[in-house]
Every structure is written in structure tokens, then in C-alpha cells.
Amino acid sequence: RSVTPSPSTNDLATSDLPPVVARQLSADDCVDETDITWIVAKRSTLLSIITFFSTLVAYVLMFLVQMNGIWLGLDMVINCFCMVLMFANYGKLYKSLCTRFES
């Protein structure tokens, strides 16, 4: 009785497989940048990153300099200002301050 080996992946006929076309996706393929959902997501993400890093820097400075009230107060001001900028009423102020950080 003879045993035939199972075909390996190299032995399979590749002509039966559909061709795979590889191409890179650009932002135009995935996102409509004029969509309000995209604008809100982009704005809130950028401002959340700013508030995260301001809090991180404030904690490091509180640890190093030991003047807790100053750094905590400054962090609160930055966080509240970023929250205000998330609203559409302050779109002009957001554009003048934050558009250079979006790209």
C-alpha cells in the first residue's frame, strides 16, 4: 500500500486564485473631511491630547518644584479652556489656535 503526500502550498495551482491588487489607501478613500462627525472627532481628540499632556506636565512639576497650587491651578485653566474650545460656538478661536496642530 502506498501513501501519497498531501500537496503543499507550493504545489497548488495559483492560476485558480483571484489576483490580489494591492494599493495604498489615502485619507480621501476613507474619510469625508467635511463631515461633521469627522470634524468633531478630530477637534475633541486634539483637545483631549492637549489636556492629557498638560495634566501630565503639571503632575511632574508638582513633584519636582513642590508648588502644587500653581501647577494645579494652571492645569485646571488649560483643561477648562480646552473644554470650551470643543464647542462649535468657539470655532473661530479654535481655528486660530489649533489648526496648525491638526496636520
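## Basis of the description

Helices, taken as DSSP runs of H or I with at least four residues, and strands, taken as E runs of at least two, are numbered from the N terminus. The model is predicted, so local features need pLDDT of at least 70 and side-chain atom pairs count only at pLDDT 80 or more, while totals for chains, interfaces and linings use all residues. Residues are numbered from 1 along each chain as its sequence is written, and side-chain values use heavy atoms, with hydrogens and water left out.

## Overall make-up

The chain has four helices and zero strands, in the order α-α-α-α along the sequence. Of its 103 residues, 15% are buried; buried means under 20% relative accessible area, exposed over 50%, and partly exposed in between, with a 1.4 Å probe and protein chains only.

The accessible surface of the chain is about 8,800 Å², and carbon and sulfur atoms hold 66% of that surface. Areas come from the Shrake-Rupley method with a 1.4 Å probe, and for residues only the protein chains shown count as cover. Among contacts (heavy atoms within 4.5 Å) with a separation of 6 or more, 54% join residues 24 or more positions apart.

Helix α2 covers residues 36–65. Its 30 residues reach 43 Å from first C-alpha to last, close to the 44 Å expected at 1.5 Å a residue; the expected span is 1.5 Å times one less than the number of residues. The buried residues of α2 are R43, L46, L47, T51, S54, T55, A58 and M62, and their cover includes α3 and α4.

I49, F52, F53, L56, V60, F63, L64, V65, M67 and I70 make a nonpolar surface patch of about 1,000 Å². Helix α2 gives the largest share of this patch, eight residues. Patch residues have over 30% relative accessible area and no salt bridge; like charges are joined within 9 Å, and nonpolar side chains (Val, Leu, Ile, Met, Phe, Trp, Tyr) within 5 Å. A salt bridge is a side-chain nitrogen of Lys or Arg within 4 Å of a carboxyl oxygen of Asp or Glu.

## The loop between α2 and α3

Q66 follows α2 and lies in the loop between α2 and α3. Its phi is near 70°, a positive value in a residue other than glycine. Q66 counts as exposed because its relative accessibility is 55%. M67, a member of the nonpolar patch, is in the loop between α2 and α3. M67 counts as partly exposed because its relative accessibility is 43%.

## C82 in helix α3

Helix α3 spans residues 68–85 and contains C82. At 4% relative accessibility, C82 counts as buried. Leaving aside residues up to four places away in sequence, C82 touches L47, I50 and T51. C82 and I50 are 32 residues apart along the chain, and their C-alpha atoms are separated by 7.8 Å.

## Helix α4

Helix α4 (residues 91–102) spans only 14 Å between its end C-alpha atoms, whereas a straight helix of 12 residues would span 16 Å at 1.5 Å a residue. G91, Y94 and C98 are buried in α4. They cover an arc of only 80° around the axis, which puts them on the same side of α4; the arc is that of the directions from the helix axis to the C-beta atoms. An α-helix has 3.6 residues a turn, so residues three or four places apart point the same way.

The cover over the buried residues of α4 includes α2 and α3. Exposed residues K92, K95 and R100 are on the face of α4 turned away from its buried side.
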